[in-house]
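Try each task before reading its solution.

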Amino acid sequence: MRIYRFSLLFAACFLQAALVFSQGKIEKEKSIKKSEVPEAALEWLDDAFEEIKKPKWYQEFFENGYSYEAKFRFQEHFYSVEFDSLGRIEDVEVEIQLSELASEIRETIEAYWDTNYEKYKVLKVQIQYSGEEDDLEDFFDEDSMEGVRIAYEIEYHGKEISGADEIWEATFDSAGVFISKRKIIIRISDNLTF
Amino acid sequence: MKKLSLLAFLLVFIQSVYAQDRVFMTGFFPEAALTKKLSNGNKINFKVENQEYFYRNVEDPSERWKVSHYRTDLMAFYDWKASPLYSLAFGVFHRIHEGANANRLIQQLAFIQRTRIGRLGHRIRTDQTFQTAEQVVYRLRYRLAWDIPLEGTTLDPGEKYLVISDEPIFGLQGEEFDIENRLVLSLGKLIDEQNKIEYSIDYRTDGFFQDGFRNRLWFKIGYFYNF
């Protein structure tokens, strides 16, 4: 019984640690010049999105490393392309409206909110495309879905039935099934409030 | 010395633009605010503001350039968290102003709107000012502030930011109605999660409907500490 309890505790700690790690909390982000971006990232972006003009580049620092991000507007949507520290593509996020999702996916997501929240308000919806470098490139310049994984990252204000009233960022899989969520910390606004 | 001459020139220029019946004053405006976050998410805030003028366009030239205390305001707020982005506050205020000390009650609704670049802070206030032998002044004010990080899309400790704000204030005293406007441009630095410092230019105009249209230009330095 004791070993069982100990294992359970160990598993809980491990899960917690894994959850914290997977959230990949950004500790610092700053804007950078194009000249500071790894060549591989510039090349990938140029191959996948030939028509974009000047993306804005950012470097994000995590507890255990850093990454690069390009942000730009393309075909009426806001894009955010994430690269690792060597400039290898990690994922592409495209901001959309909830109404742009297929109705069955939207209904699955809304069912999750209806079950878990007293009330909610959607703030930002992003489709996240991830996969191998070539597969992602083919998806954006040739529309080929092969090897591309889809997830939805949604920011919303939700009051949980259990009481917590927060801004959340949740990830849903390609079918709209809930995977995970984290609380978004709103920086204190004492200079704007008082 | 060069900077001082430039400042003097600027002030003389501003003064010449406005006729003599328009009041103009300028000076220093240090302010400090302490905000205590309570375990229930509510906040308590204390703030002190001090205004010291060094120039006024009064008739007597010998009185124009003179450093003197204008007013000191002390205020305290209790702020209820209505949601992660909305809060309601109630405040009390005391003004130390030679011959015109005053007390004020303040009610406030504030909310934050997160935008692609920075965030917008909305603040709607009503207040009532009480002064001996004067009628109560009732005011309605709305401040819109845009908080823009200067080193990326989010503001991280050690980074600078800009705040542009404007606040029209509608006041009623007896049957007299007036409008005041406060336009503020601030350059701030988030020193760490608890400390901020802001350098601002605060331009206030009032007396639109009364005798003596008044301009006040303040050079502010603000310190914000939360714990």
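**Exercise 1. Burial in chain A**

What percentage of the 194 residues in chain A is buried?

*Solution.* Start with the ground rules. This is a predicted model, in which local features need pLDDT of at least 70, side-chain atom pairs count only at pLDDT 80 or more, and totals for chains, interfaces and linings use all residues. Residues are numbered from 1 along each chain as its sequence is written, while chains are lettered from A and ligands numbered from 1 in the order in which they are written.

A residue is buried if 20 or more other C-beta atoms lie within 10 Å of its own, exposed if 12 or fewer, and partly exposed in between, with C-beta atoms placed from the backbone. By that test, buried residues make up 19% of chain A.

**Exercise 2. The cores of chain A**

Find the largest nonpolar core and the elements that build it.

*Solution.* Step one: the term. A nonpolar core is a set of buried Ala, Val, Leu, Ile, Met, Phe, Trp, Tyr and Cys residues joined through C-beta atoms within 7 Å.

Step two: the core. The largest has 16 residues, and A:A41 and A:V81 have the most contacts inside it. Two or more residues each come from α2 (39-48), β2 (56-62), β3 (65-74), β4 (77-83), β5 (89-96) and α4 (133-142) of chain A. Helices (H or I, at least four residues) and strands (E, at least two) are DSSP runs, numbered from the N terminus.

Step four: zoom in. Beyond its neighbours within four places in sequence, A:A41 contacts A:Y68, A:F83 and A:G87. Contact means C-beta atoms, placed from the backbone, within 7 Å.

**Exercise 3. The barrel of chain B**

Trace the closed barrel and check its pairings.

*Solution.* Begin with the whole. Strands pair if DSSP finds at least two bridges between them.

Now follow β3(B). Twelve bridges tie β2(B) to β3(B), antiparallel; B:V48 has B:L74 as its bridge partner. On to β4 (residues 86-96): β3(B) pairs with this strand through ten bridges, also antiparallel. B:W80 stands opposite B:L88 there. A hairpin of four residues links β3(B) to β4(B).

**Exercise 4. The interface**

How many residues does each chain bring to the contact?

*Solution.* Chain B gives 27 residues and chain A gives 18 residues.

Notes: Two residues are in contact if their C-beta atoms, placed from the backbone, lie within 7 Å.
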